[in-house]
Amino acid sequence: MSNWHPTNDQLLEFASGTGSSAMSIAISTHLHFCQACRHQVHDNESMAAVLFEEQTRADLAGDGFDRLMSRIQNEPTVSAPKAPKAPSRFPPVIEKLIHKDTESLDWRSPMKNLRVSQLLKDETGLILGLHHMKSGGRVPHHTHRGNEISVVIEGGFSDEMGSYGPGDFIHLAGEHFHSPQADADGDCWLLSLVEAPVKLTGPLGWLVNPFLKP
Ligand SMILES: [Zn+2]
């Protein structure tokens, strides 16, 4: 049972299919653990379908509505969870991104007791990463540049703000300064969602940035 959830706006964006890929994966991962938000998304989708129908009833000669309905009906995160054929460690959408196993990913260790691996960078520049904290390990005090979202996918950790377990969807603002510690009874794995770092900062950055290639 999750205690930390996406905002209503984020769920609505997900339900209407307008969110970015990385954000949709993060939300979908939360929905894997959280029945309350699954219901909320389902309600939002029904509403989105009604709005869509009203807006397009007049000129809907094509198959737009059928496509939308089929997307809603095929939405894997909304249907009741089925018993997995083989035990799956992480939510299926994450297993797919990991491809093989976590050890074959490209890891770096920016801080003590923490290693991170980039899973994907989406069309809006959001980066989805996998974080791994060793059981009981404390990550040194740090702050976050810009907004960051973390979703716990296995184990748990705590910081000055609270304790988190599987499915918890945590918004970290730029001013948030913390020293997270993984629970002692197992490693903690989480997804992180951040904006791609700005390449140049400083007083002349605005002069140079327009000439940078993306
Ligand atoms: Zn939720």
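Trainee: Why is the contact between Lys134 and Asp187 called a salt bridge?

Mentor: This is a predicted model. In it, the closest N and O atoms of Lys134 and Asp187 are 3.7 Å apart. The cut-off is 4 Å between a side-chain nitrogen of Lys or Arg and a carboxyl oxygen of Asp or Glu, so the pair qualifies.

Trainee: What makes this a link between distant parts of the chain?

Mentor: Lys134 sits in the loop between β3 and β4. Asp187 sits in the loop between β10 and β11. They are 53 residues apart.

Trainee: Why does Asp187 count as partly exposed?

Mentor: Its relative accessibility is 23%.

Trainee: How many salt bridges does a search of the whole structure find?

Mentor: Three. Arg89 with Glu154 is one of them, with the closest N and O atoms 3.0 Å apart. That is within 4 Å, so the term applies. Arg89 lies in the loop between α4 and α5, Glu154 in strand β5, 65 residues apart.

Trainee: What makes Arg115 and Glu103 a salt bridge?

Mentor: Their side chains meet at 2.8 Å, N to O. The limit is 4 Å, so they pass. Arg115 is in strand β2, and Glu103 is in the loop between α5 and β1, twelve residues apart.

Trainee: Why is Arg115 called buried, and what is Glu103 called?

Mentor: Arg115 has a relative accessible area of 19%. Buried means under 20%, so Arg115 is buried. Glu103 is at 53%. Exposed means over 50%, so Glu103 is exposed.

Trainee: Which residues have the most contacts inside the largest nonpolar core?

Mentor: Ile94, Leu119, Leu128, Leu130, Leu191 and Leu193, in a core of 30 residues. α2 gives the most, with six residues. The core draws at least three residues from each of domain 1 and domain 2.

Trainee: What does Leu130 touch?

Mentor: Its contacts beyond four places in sequence include Ile98, Trp107, Leu119, Trp189 and Leu191. Arg115 is also among them.

Technical notes. Residues numbered from 1 in each chain as written. Predicted model: local features only at pLDDT ≥ 70, side-chain atom pairs only at ≥ 80, totals over all residues. Heavy atoms only, no water. Helix = DSSP H or I, 4+ residues; strand = E, 2+ residues; numbered from the N terminus. Buried < 20%, exposed > 50% of the residue type's maximum accessible area, 1.4 Å probe, protein only. Core = buried A, V, L, I, M, F, W, Y, C linked by side-chain atoms within 4.5 Å. Domains from an automatic or database assignment. Contact = heavy atoms within 4.5 Å.
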